[in-house]
Amino acid sequence: MNIVGLEYLVFGVDDMAGARQYLHDYGLDETEFDEQKGGIFSALDGTGLIVRPAGDPSLPPLPPRAMTPSLRETIYGVADINTLQRIKENLEADREVRVDEDGTVHCIDDSGFGIAFMVTRRRPYEARYLGFNVPGQPPGRRPNDCAANPDEVIKPRSLSHVVYFVDDSARAEAFYARLGFVVTDRFNHLGPFMRPAGTLDHHTLFMIERKNDHMIGCNHFTFHLGSASEVLQHGWNFVNKGYKSFWGPGRHIFGSNYFWYFNSPFGAVIEFDADMDLHDDTWVPRDSDPNADGSQIFLFNAREKWAPGE
(Lines give C-alpha, C1' and ligand atoms only; values in the text may rest on other atoms or scores of the structure.)
Protein backbone atom coordinates (compact mmCIF):
# COMPACT_ATOMS: atom_id res chain seq x y z
CA MET A 1 0.00 0.00 0.00
CA ASN A 2 1.51 3.28 -1.12
CA ILE A 3 1.40 5.27 2.13
CA VAL A 4 3.85 8.12 1.58
CA GLY A 5 4.23 9.26 5.20
CA LEU A 6 2.76 11.52 7.84
CA GLU A 7 0.39 14.22 6.60
CA TYR A 8 -0.84 15.78 9.87
CA LEU A 9 -0.70 15.18 13.60
CA VAL A 10 -3.82 16.30 15.45
CA PHE A 11 -3.42 17.54 19.04
CA GLY A 12 -5.91 18.54 21.70
CA VAL A 13 -4.35 21.24 23.89
CA ASP A 14 -5.21 23.21 27.02
CA ASP A 15 -3.17 26.35 26.28
CA MET A 16 -4.08 27.41 22.74
CA ALA A 17 -2.19 30.72 22.89
CA GLY A 18 0.97 29.02 24.18
CA ALA A 19 0.75 26.26 21.57
CA ARG A 20 0.30 28.82 18.81
CA GLN A 21 3.34 30.86 19.87
CA TYR A 22 5.41 27.71 20.27
CA LEU A 23 4.70 26.60 16.71
CA HIS A 24 5.47 30.07 15.35
CA ASP A 25 8.83 29.94 17.13
CA TYR A 26 9.41 26.38 15.90
CA GLY A 27 9.13 27.78 12.38
CA LEU A 28 5.82 26.44 11.10
CA ASP A 29 3.53 28.63 8.98
CA GLU A 30 0.04 29.35 10.28
CA THR A 31 -2.33 28.44 7.46
CA GLU A 32 -5.53 28.95 9.44
CA PHE A 33 -6.37 29.90 13.02
CA ASP A 34 -9.35 30.69 15.21
CA GLU A 35 -8.95 31.38 18.94
CA GLN A 36 -11.91 29.14 19.76
CA LYS A 37 -11.39 26.36 17.23
CA GLY A 38 -7.59 26.20 16.91
CA GLY A 39 -5.65 26.05 13.67
CA ILE A 40 -3.37 24.38 11.16
CA PHE A 41 0.40 24.94 11.14
CA SER A 42 2.42 23.77 8.16
CA ALA A 43 5.94 22.91 7.08
CA LEU A 44 7.20 23.92 3.65
CA ASP A 45 5.71 20.84 1.93
CA GLY A 46 2.26 21.34 3.48
CA THR A 47 2.47 18.61 6.12
CA GLY A 48 1.95 19.81 9.66
CA LEU A 49 -0.03 19.98 12.90
CA ILE A 50 -3.74 20.47 13.48
CA VAL A 51 -4.30 21.97 16.93
CA ARG A 52 -7.73 21.91 18.59
CA PRO A 53 -9.05 22.68 22.09
CA ALA A 54 -8.80 19.53 24.20
CA GLY A 55 -12.57 19.51 24.74
CA ASP A 56 -13.46 19.66 21.04
CA PRO A 57 -16.09 16.91 20.58
CA SER A 58 -14.90 16.24 17.01
CA LEU A 59 -11.55 14.90 18.28
CA PRO A 60 -10.95 11.14 18.50
CA PRO A 61 -10.78 9.75 22.05
CA LEU A 62 -7.62 10.04 24.11
CA PRO A 63 -5.14 7.15 23.84
CA PRO A 64 -5.31 4.73 26.80
CA ARG A 65 -4.47 6.42 30.15
CA ALA A 66 -3.44 9.66 28.41
CA MET A 67 -4.53 13.08 29.68
CA THR A 68 -4.67 16.40 27.90
CA PRO A 69 -2.76 17.91 26.25
CA SER A 70 -2.29 14.91 23.98
CA LEU A 71 -1.94 13.58 20.46
CA ARG A 72 -5.44 12.65 19.32
CA GLU A 73 -4.93 11.45 15.75
CA THR A 74 -2.16 10.62 13.29
CA ILE A 75 -3.12 11.28 9.66
CA TYR A 76 -1.14 9.53 6.93
CA GLY A 77 -0.97 10.68 3.32
CA VAL A 78 -1.44 8.06 0.60
CA ALA A 79 -0.53 8.22 -3.07
CA ASP A 80 -3.99 7.99 -4.66
CA ILE A 81 -7.66 7.18 -4.23
CA ASN A 82 -7.12 3.50 -5.07
CA THR A 83 -4.69 3.14 -2.18
CA LEU A 84 -7.17 4.89 0.11
CA GLN A 85 -9.91 2.45 -0.91
CA ARG A 86 -7.66 -0.58 -0.25
CA ILE A 87 -6.82 0.73 3.21
CA LYS A 88 -10.50 1.33 3.97
CA GLU A 89 -11.41 -2.23 2.95
CA ASN A 90 -8.51 -3.66 4.97
CA LEU A 91 -9.55 -1.80 8.13
CA GLU A 92 -13.29 -2.47 7.78
CA ALA A 93 -12.59 -6.19 8.13
CA ASP A 94 -12.21 -5.95 11.91
CA ARG A 95 -12.97 -2.44 13.19
CA GLU A 96 -15.28 0.52 12.91
CA VAL A 97 -14.25 2.93 10.14
CA ARG A 98 -15.56 6.45 9.56
CA VAL A 99 -15.20 8.37 6.30
CA ASP A 100 -15.67 12.13 6.54
CA GLU A 101 -16.90 14.58 3.89
CA ASP A 102 -13.50 15.01 2.20
CA GLY A 103 -12.95 11.24 1.98
CA THR A 104 -10.50 10.89 4.88
CA VAL A 105 -10.68 7.42 6.44
CA HIS A 106 -10.62 7.35 10.28
CA CYS A 107 -10.30 4.52 12.80
CA ILE A 108 -8.52 3.42 15.98
CA ASP A 109 -5.40 1.24 15.77
CA ASP A 110 -4.77 -1.85 17.90
CA SER A 111 -3.00 0.23 20.59
CA GLY A 112 -5.85 2.72 21.00
CA PHE A 113 -4.42 5.58 18.90
CA GLY A 114 -6.62 7.49 16.49
CA ILE A 115 -5.31 7.18 12.94
CA ALA A 116 -6.56 8.38 9.58
CA PHE A 117 -5.64 8.23 5.89
CA MET A 118 -6.11 10.79 3.12
CA VAL A 119 -4.81 11.34 -0.40
CA THR A 120 -1.66 13.37 0.17
CA ARG A 121 -1.65 17.11 -0.44
CA ARG A 122 2.12 17.46 -0.13
CA ARG A 123 3.42 20.18 -2.43
CA PRO A 124 6.75 21.06 -4.03
CA TYR A 125 8.54 24.01 -2.46
CA GLU A 126 11.57 26.21 -2.89
CA ALA A 127 14.22 26.42 -0.18
CA ARG A 128 17.89 27.23 -0.09
CA TYR A 129 20.07 24.49 -1.55
CA LEU A 130 22.34 23.28 1.24
CA GLY A 131 25.68 22.21 -0.20
CA PHE A 132 28.74 21.06 1.73
CA ASN A 133 32.40 21.51 0.87
CA VAL A 134 34.21 18.22 1.46
CA PRO A 135 37.86 17.64 0.49
CA GLY A 136 38.10 15.12 -2.33
CA GLN A 137 34.58 15.83 -3.61
CA PRO A 138 33.25 18.51 -5.98
CA PRO A 139 32.46 21.78 -4.15
CA GLY A 140 29.01 21.87 -2.62
CA ARG A 141 28.81 25.67 -2.78
CA ARG A 142 30.02 28.27 -5.21
CA PRO A 143 33.03 30.42 -4.22
CA ASN A 144 32.06 33.27 -1.90
CA ASP A 145 28.78 31.58 -0.89
CA CYS A 146 29.03 31.72 2.91
CA ALA A 147 27.15 28.96 4.72
CA ALA A 148 26.96 30.62 8.16
CA ASN A 149 24.28 33.33 8.41
CA PRO A 150 23.26 34.44 11.93
CA ASP A 151 20.01 35.84 10.51
CA GLU A 152 19.03 32.74 8.53
CA VAL A 153 15.28 32.04 8.60
CA ILE A 154 15.10 28.30 9.22
CA LYS A 155 11.88 26.51 8.29
CA PRO A 156 10.89 22.89 8.90
CA ARG A 157 10.67 21.17 5.51
CA SER A 158 8.46 18.14 6.19
CA LEU A 159 6.74 16.22 8.99
CA SER A 160 9.17 13.42 9.86
CA HIS A 161 8.00 10.86 12.42
CA VAL A 162 5.93 10.15 15.51
CA VAL A 163 6.63 7.87 18.49
CA TYR A 164 3.99 6.04 20.57
CA PHE A 165 4.08 4.30 23.91
CA VAL A 166 2.19 1.00 23.45
CA ASP A 167 1.18 -1.87 25.74
CA ASP A 168 2.16 -4.63 23.31
CA SER A 169 4.79 -3.73 20.71
CA ALA A 170 4.41 -7.04 18.82
CA ARG A 171 0.68 -6.50 18.39
CA ALA A 172 1.24 -2.87 17.41
CA GLU A 173 3.86 -3.90 14.85
CA ALA A 174 1.54 -6.51 13.32
CA PHE A 175 -1.19 -3.92 12.80
CA TYR A 176 1.05 -1.58 10.82
CA ALA A 177 2.67 -4.46 8.93
CA ARG A 178 -0.75 -5.34 7.47
CA LEU A 179 -0.81 -1.80 6.02
CA GLY A 180 2.55 -2.27 4.32
CA PHE A 181 4.88 -0.82 6.95
CA VAL A 182 8.24 -2.58 7.27
CA VAL A 183 10.67 -2.74 10.17
CA THR A 184 13.96 -0.94 9.50
CA ASP A 185 15.61 -1.45 12.92
CA ARG A 186 14.57 -2.62 16.36
CA PHE A 187 15.43 -2.04 20.00
CA ASN A 188 15.19 -5.45 21.67
CA HIS A 189 12.40 -5.78 24.25
CA LEU A 190 11.30 -2.23 23.45
CA GLY A 191 9.94 -1.83 19.92
CA PRO A 192 10.41 -1.36 16.17
CA PHE A 193 11.24 1.53 13.87
CA MET A 194 8.90 1.29 10.86
CA ARG A 195 8.42 2.98 7.49
CA PRO A 196 5.49 2.70 5.07
CA ALA A 197 5.97 1.57 1.48
CA GLY A 198 5.80 5.05 -0.06
CA THR A 199 8.92 6.48 1.57
CA LEU A 200 12.55 5.46 2.05
CA ASP A 201 12.91 7.44 5.30
CA HIS A 202 14.37 5.22 8.04
CA HIS A 203 11.15 5.59 10.01
CA THR A 204 7.94 7.54 10.22
CA LEU A 205 6.81 5.51 13.23
CA PHE A 206 8.63 4.18 16.30
CA MET A 207 6.78 2.30 19.04
CA ILE A 208 8.04 1.87 22.60
CA GLU A 209 6.56 -0.81 24.83
CA ARG A 210 5.43 0.66 28.14
CA LYS A 211 7.61 -0.13 31.17
CA ASN A 212 5.95 2.12 33.75
CA ASP A 213 2.90 4.31 34.37
CA HIS A 214 4.67 7.44 33.10
CA MET A 215 5.01 6.02 29.59
CA ILE A 216 1.64 6.99 28.09
CA GLY A 217 0.38 8.45 24.83
CA CYS A 218 2.79 10.08 22.40
CA ASN A 219 6.46 10.15 23.33
CA HIS A 220 7.64 12.64 20.68
CA PHE A 221 7.26 13.91 17.13
CA THR A 222 9.45 15.89 14.78
CA PHE A 223 9.90 17.70 11.49
CA HIS A 224 12.87 17.43 9.13
CA LEU A 225 15.17 20.43 8.91
CA GLY A 226 17.69 20.81 6.09
CA SER A 227 20.99 20.00 7.80
CA ALA A 228 22.88 19.42 11.03
CA SER A 229 23.77 23.10 10.99
CA GLU A 230 20.08 24.03 10.90
CA VAL A 231 19.34 21.70 13.83
CA LEU A 232 22.08 23.34 15.87
CA GLN A 233 21.30 26.93 14.88
CA HIS A 234 17.53 26.63 15.18
CA GLY A 235 17.86 24.71 18.45
CA TRP A 236 20.20 27.40 19.79
CA ASN A 237 17.65 30.06 18.87
CA PHE A 238 14.96 27.98 20.59
CA VAL A 239 16.99 27.83 23.81
CA ASN A 240 17.46 31.59 23.68
CA LYS A 241 13.69 32.06 23.40
CA GLY A 242 13.39 30.31 26.77
CA TYR A 243 12.37 26.82 25.70
CA LYS A 244 13.79 23.98 27.79
CA SER A 245 16.07 21.47 26.11
CA PHE A 246 15.13 17.86 26.86
CA TRP A 247 17.83 15.87 25.01
CA GLY A 248 20.58 16.93 22.67
CA PRO A 249 21.98 18.10 20.46
CA GLY A 250 23.38 14.83 19.17
CA ARG A 251 23.16 12.19 16.46
CA HIS A 252 21.25 8.94 16.58
CA ILE A 253 22.67 5.61 15.41
CA PHE A 254 19.41 4.05 14.13
CA GLY A 255 18.40 6.46 11.39
CA SER A 256 21.62 8.50 11.70
CA ASN A 257 19.54 11.68 12.08
CA TYR A 258 20.89 14.67 13.97
CA PHE A 259 18.51 15.59 16.78
CA TRP A 260 17.61 18.11 19.44
CA TYR A 261 14.53 17.58 21.63
CA PHE A 262 12.56 20.17 23.60
CA ASN A 263 9.70 20.15 26.08
CA SER A 264 6.45 21.35 24.53
CA PRO A 265 2.81 22.25 25.35
CA PHE A 266 1.52 19.20 23.43
CA GLY A 267 1.92 16.47 26.05
CA ALA A 268 4.90 15.12 24.10
CA VAL A 269 8.48 16.13 23.46
CA ILE A 270 9.14 17.86 20.12
CA GLU A 271 12.35 17.34 18.12
CA PHE A 272 14.33 19.04 15.39
CA ASP A 273 15.93 16.45 13.09
CA ALA A 274 17.97 16.32 9.89
CA ASP A 275 19.86 13.94 7.58
CA MET A 276 17.92 10.74 8.21
CA ASP A 277 19.07 7.54 6.47
CA LEU A 278 17.11 6.19 3.52
CA HIS A 279 16.49 2.45 3.15
CA ASP A 280 15.08 0.38 0.30
CA ASP A 281 13.70 -3.16 0.33
CA THR A 282 17.18 -4.71 0.24
CA TRP A 283 17.93 -3.36 3.73
CA VAL A 284 18.36 -5.93 6.52
CA PRO A 285 17.02 -4.57 9.84
CA ARG A 286 19.44 -4.32 12.74
CA ASP A 287 18.65 -4.92 16.39
CA SER A 288 20.22 -3.53 19.54
CA ASP A 289 19.58 -3.42 23.25
CA PRO A 290 18.15 -0.03 24.29
CA ASN A 291 20.93 1.80 26.07
CA ALA A 292 22.82 5.09 25.81
CA ASP A 293 25.54 3.65 23.59
CA GLY A 294 22.91 2.39 21.15
CA SER A 295 20.80 5.55 21.17
CA GLN A 296 23.31 8.14 20.03
CA ILE A 297 26.73 8.20 18.46
CA PHE A 298 27.47 11.48 20.26
CA LEU A 299 25.67 13.92 22.52
CA PHE A 300 26.35 17.51 23.54
CA ASN A 301 24.92 19.93 26.04
CA ALA A 302 24.46 23.62 25.23
CA ARG A 303 26.40 26.28 27.15
CA GLU A 304 26.67 30.06 26.92
CA LYS A 305 28.43 31.51 23.88
CA TRP A 306 32.15 32.23 24.28
CA ALA A 307 34.75 34.07 22.21
CA PRO A 308 38.59 34.03 22.29
CA GLY A 309 39.92 36.70 24.62
CA GLU A 310 36.99 36.57 27.02
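Which residue caps the N-terminal end of helix 3? That's Asp168, with a side-chain oxygen 3.1 Å from the backbone nitrogen of Ala170; a polar contact here is a pair of N or O atoms within 3.5 Å, where one must be able to donate a hydrogen and the other to accept it, and residues adjacent in sequence count only if both atoms are side-chain atoms.

Before going on, a word on the model: it's predicted, local features need pLDDT of at least 70, side-chain atom pairs count only at pLDDT 80 or more, and totals for chains, interfaces and linings use all residues. Residues are numbered from 1 along each chain as its sequence is written, and side-chain values use heavy atoms, leaving out hydrogens and water.

Now stay with helix 3, residues 169–177 (helices are DSSP runs of H or I, at least four residues; strands are E, at least two). Its buried residues (under 20% relative accessible area, 1.4 Å probe, protein chains only) are Ser169, Ala172, Glu173, Phe175 and Tyr176. They sit on the same side of helix 3 because they cover an arc of only 160° around the axis, taken from the directions from the helix axis to the C-beta atoms.

Over in strand 1 (residues 3–13) you'll find Val13. Val13 counts as buried because its relative accessible area is 3%. Its contacts (heavy atoms within 4.5 Å), not counting residues up to four places away in sequence, are Ala19, Val51, Arg52, Pro53, Ala54, Pro69, Pro265 and Phe266.

At 59% relative accessibility, Ile297 is exposed, the cut-off being over 50%.
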